[in-house]
Amino acid sequence: MVDLDTVVSLCKRRGFIFQSSEIYGGLGSAWDYGPLGVEFKNNVKRLWWRDNVQLRDDMVGLDAAISMHPRVWEASGHVAGFSDPFTGCSECGRHYRADQIYEAIWNSKWFRAIQKVLEGPAAKKNEWLAILNWAESDGKKIAPNFPLSKGVDYPLVPTGYPFEGPEDPKFREFLETLGRKIIATDGSRTEPVPCPNCGAVKMSVAKPASLMVEIFLGPVKETATKTFLRPETAQGIFVNFDNVLQASRKKLPFGIAQIGKAFRNEITPGNFTFRTREFEQMEIEYFVIPGTDEEWHQKWIDERFSWYPRYGIRKENIRLREHTKDELAFYAKRCVDIEYLFPMGWSELEGIADRTDYDLKRHSEFSGKTLEYFDEESKQKLIPYVIEPSAGADRSALAFLIDAYHQEEVRGEKRVVLRFHPELAPVKIAVLPLLKKNSQIVETAKKICADLRKHWHSVYDDTASIGRLYRRQDEIGTPFCVTVDVQTVGDGKTPADEKVTIRDRDTMQQIRVPITALEATMADLMAGKWSEVAKQFPAQPVA
Ligand code: GAP
């Protein structure tokens, strides 16, 4: 699998994603989608919207405001309880999620270096001596405050190496034994684990930190409305439940979908666009008759799990993970995550929860407005249960991008290709003139591009040789290139054949097609019918 640094660098080079405010040194954890990135992410959102709203009878959409009444967040429980356990290093000032500290250490530069040492030949003779030697040389540079780098006495604990991962009790014991010894001599009240950044055993005792981003709406701070940027789009749906019900006359079961920005003061944002403080969600609140919720929950799990492979995610790279009882939100009856195998390991892409009637009940209670539904069948009023498939637009886009990334060798040269599903590709067709000094070729290519543009996002490019142009389009995932050459327009000796070459991104196969048939052919190709189309048109040498 491709590593994250390679993806970040491709995204910057080709204009998918840039660091926010880069010319000012960058704003941590915020990212800007560039010319190709915005097309690509819009495609992810468009497909989600089409499949979950427009192609279903039982769904409608909504676009609620990001700023909402402060009472919304009291009712939802966010003010009281939307927090993560927080710990900070008093030596270097870095902050971490206390519940993820072992993962952070496991992935830290210095621990990765220790792992290398332990796998090397020196450790075969004496593990501790090998670590000590490392600590006194490289350790001083990458973990300057690590007790061993400072020459602090160390306990002779058996490492039990190889550790199996951050969850491995042997790994935790190794770190804690080391830390407890330091704390015992130091006497200060801190967590007995080294800082993932500098190695100091000076992590503060964990305490909850609110994830809510506070805002003041109004020109004068003293009289302004203090509220929060929404940490999820879901609440905008719950507070509009009755409005939508009255306006759309929907009957249960039905759902409301929304795509929009959400904001969280994450303690440890990172891994590119995976965890940021500003991100986009694609959420559905699906309202059902109580008692039918378990069945609907399963239906949505199945539906959402089959959605990602439909657009290119390989089946072996996604899985379902059932929440254990102790990680379930207190209002949720059941929750299942769809996880993707990101370069940093299996991580959440989407959560699908049975939220019961918690939210509608709480908003009824706090607003004084009854949020009930009259069930014609039972002739009774009831509060619907809610099934919530909640996906991240940025995380989905990142997963589609990583899964599409391929590197191969073609005639001794490296070829990078993003094998995007055509519906996700930011550019669908590139029209390329073989000779940019031949005005007839250029004019014909531009005209073809203008015609194709009416149906598919197409670009014209004449800024390099044809070989380089193909590689550039491969690297941004353009499914098809159309090349106009001398044969197309004729050269005074040979008459124009009025045909163009279509090249397939993945196989690099080429066919020659009359310009008059180009639009219909492209429609077939976008629908995945290359082999049928190739039977009608002569194959060309691969380029
Ligand atoms: N309404 C339920 C809810 O918000 P969540 O699991 O906190 O549930 C849903 O968020 C999805 O939003 C996640 O599966 C993830 O894809 C995305 N998400 C959450 N926090 C994120 C962050 N800090 N950065 C990027 N995406 C995030």
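This is a predicted model: local features need pLDDT of at least 70, side-chain atom pairs count only at pLDDT 80 or more; totals for chains, interfaces and linings use all residues.
Residues are numbered from 1 along each chain as its sequence is written, and side-chain values use heavy atoms, with hydrogens and water left out.

View 1. Strands (E, at least two residues) and helices (H or I, at least four residues) are DSSP runs numbered from the N terminus. Five of the five residues in E21 (residues 480-484) are buried, that is, under 20% relative accessible area with a 1.4 Å probe and protein chains only. In a regular strand, side chains alternate between the two faces of the sheet. Phe-480, Val-482 and Val-484 point one way from E21, while Cys-481 and Thr-483 point the other way. Two strands pair if DSSP finds at least two bridges between them. E21 pairs with strand E19 (residues 429-433) in the parallel sense over five bridges, and Val-484 is the bridge partner of Pro-433. With strand E22 (residues 499-504), E21 pairs in the antiparallel sense over four bridges.

View 2. A nitrogen atom of the ligand is 2.6 Å from an N or O atom in the side chain of Glu-232. A polar side-chain atom of Arg-264 lies 2.8 Å from an oxygen atom of the ligand. At Thr-276, a polar backbone atom is 2.8 Å from a nitrogen atom of the ligand. The protein covers 89% of the 550 Å² of accessible area (Shrake-Rupley method, 1.4 Å probe) that the ligand has on its own.

**View 3. The shell around the ligand.** The ligand is surrounded by 20 residues, each with a heavy atom within 4 Å of the ligand. Strands E10 (278-288), E13 (345-356) and E16 (385-392) each supply at least two residues of this shell, and E13 gives the most, with five. The shell holds five nonpolar, five polar and ten charged residues, where Asp, Glu, Lys and Arg count as charged, Ala, Val, Leu, Ile, Met, Phe, Trp, Tyr, Cys and Pro as nonpolar, and the others, Gly among them, as polar.

Key. A polar contact is a pair of N or O atoms within 3.5 Å; within protein, one must be able to donate a hydrogen and the other to accept it, and residues adjacent in sequence count only if both atoms are side-chain atoms. Buried means under 20% relative accessible area, exposed over 50%, partly exposed in between (1.4 Å probe, protein chains only).
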